[in-house]
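Thanks for coming. I have one structure to show, and I will keep to side-chain contacts.

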Amino acid sequence: MTRRRVALPIAVLVAALFALAVLGVGGAAGARSAVRAHQAAVCPSGLGGSRDPANPLALAAAPGSNPLSGAEPRFFVQTPARGEAAGAIASLLGVTPPDTQSWPDFAASLSSGSLAPRLNSDPALASKVALLSKIAAEPETSRFSTYTAGGGPGAISTQLGKFLCRVHAVAPQAIPLLSTYFLDHAGHCATETASQVATFKRRVSEFAQGVANYPTVIFAEEDAVDTSGCLTKRGLAIREEQLAYEVDALATIPHAVVYLDGGTRDANSAQFAAKILNAAHVSKIRGFFLNATHRNWASKEITFGNRISNLTHGSHFIVNTANNGHGPALNPHPSRQGVENLCNPPSSGLGPQPTTDTGFPLVDAFEWTAVPGKSSGLCHPGDPSGGVFSIKLALALAQKANGQLGPGYPSRPY
């Protein structure tokens, strides 16, 4: 696919967004329909609208009991022009890769192509590139949140359309990993207002419409469970209703495999997590994902997930292993500090590499549901703000990479 074909849907999407602004709320549905129609025409996913429950991602070979089995080679690895770690490598080298250059092509230029001589003559630079490549070579989960393009009417579907067009241009058969973060956590324990709930539902609907017929894996609402423990009874009921709305919407996407946030073992009980998941209609989707914002050992989360599964009619799950290679950094006063130190603890390292071959019947995959190297906040001198990728943090995680599942488990080579 040429660059020219990528430019056309972006122009159409921008025009549709302008139409949203002009038409206002009353014309929003029609403008979004135009976005979807043009997106489907110019960036076709190659999939029809019907869903095969036994093979939702429409893989060449039936996946069996795990819908992700066999999909791993197609999970989208972000380009050096857009990816966090891949982009950091390009920045260190002072190059500007074209938007459609894939990571494998860029990696080839590092090992034996035009960039190889420079790395061969600069061992320190080569070491940094090798470390960052541990992250860049893995599928990168792309987040769509309340902050995506400002979050206004049409923003989510427009940005999602642009993203999917770029994916299609680079790798037409790729399966992107997406995450959502539409809940308003600004007040943390505050109950969301009617206006906030309405905005949440609009963004969820736009996201579901924007995915259309693309094959995707979706991690819905990171932090949804771990931030629920302090809500009032009414606040928790509203949270559960919001999550049920999102699950119902995402369950209609023909070729999506969806997992809802299930929290973390050291934040809540399995019973609490299961109550929220059941109220959120988790049985309508594949299951849940764990450890999204924590660094707990994978083995501990697997035990936790099995307990939740028993309470949610056998739901399957995914464990985030982006930065739990050495387990949690425990706080000295957990009752007032929380069990884990989550603010860029220096002991963290990359955890087990993403794989669908987990060895555990209910665990569909180990995945990096967030990008390793993104800051948790202004924790130490030199740390960037929360959510901002840091080369320093990424290098530290890669240097301490450890594929061990937990205490007592054999070390896994990285």
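I will take the aromatic rings, then the salt bridges.

Please keep in mind that this is a predicted model.

Let me start with the rings. The count of aromatic pairs comes to eight. The pair I picked out is Phe-288 with Phe-317, which is stacked, with 5.1 Å between the ring centres and 10° between the planes. These two residues are 29 apart in the chain, with Phe-288 in strand S5, residues 287–290, and Phe-317 in strand S6, residues 316–320. Are they buried or exposed? Phe-288 has a relative accessible area of 0%, so it counts as buried. Phe-317 also comes out at 0% and is buried.

There is also a cluster held by ring pairs, and its members are Phe-76, Phe-144, Phe-163, Phe-182 and Phe-207.

Next, Arg-143, which has two contacts to discuss. Its charged end sits over the ring of Tyr-181, at 4.6 Å from the ring centre. Arg-143 also makes a salt bridge with Glu-222, where the closest N and O atoms are 2.8 Å apart. On accessibility, Glu-222 is buried at 7%, whereas Arg-143 is partly exposed at 40%.

How many salt bridges does the whole structure have? The search finds nine. Besides the one just described, I will go through two.

One joins Glu-240 and Lys-275, with an N to O distance of 2.6 Å. Glu-240 is in helix H9 and Lys-275 in helix H10, residues 270–279, and the two are 35 residues apart. Glu-240 is buried, with 11% relative accessibility. Lys-275, at 44%, is partly exposed.

The other is between Glu-84 and Lys-374, at 3.8 Å from N to O. The cut-off for a salt bridge is 4 Å, and the 3.8 Å of this pair is within it. Where do the two residues lie? Glu-84 is in helix H3, residues 84–93, and Lys-374 is in the loop between strand S7 and helix H13, so the contact ties together parts of the chain that are 290 residues apart in sequence. Glu-84 is partly exposed at 25%, and Lys-374 is partly exposed at 34%.

To recap the totals: eight aromatic pairs and nine salt bridges. I can take questions now.

Notes
Residues numbered from 1 in each chain as written. Predicted model: local features only at pLDDT ≥ 70, side-chain atom pairs only at ≥ 80, totals over all residues. Heavy atoms only, no water. Phe/Tyr/Trp six-rings, centres within 6.5 Å; stacked < 30°, edge-to-face > 60°. Helix = DSSP H or I, 4+ residues; strand = E, 2+ residues; numbered from the N terminus. Buried < 20%, exposed > 50% of the residue type's maximum accessible area, 1.4 Å probe, protein only. Lys NZ or Arg CZ within 6 Å of the ring centre and 35° of its normal. Salt bridge = Lys/Arg side-chain N within 4 Å of Asp/Glu carboxyl O.
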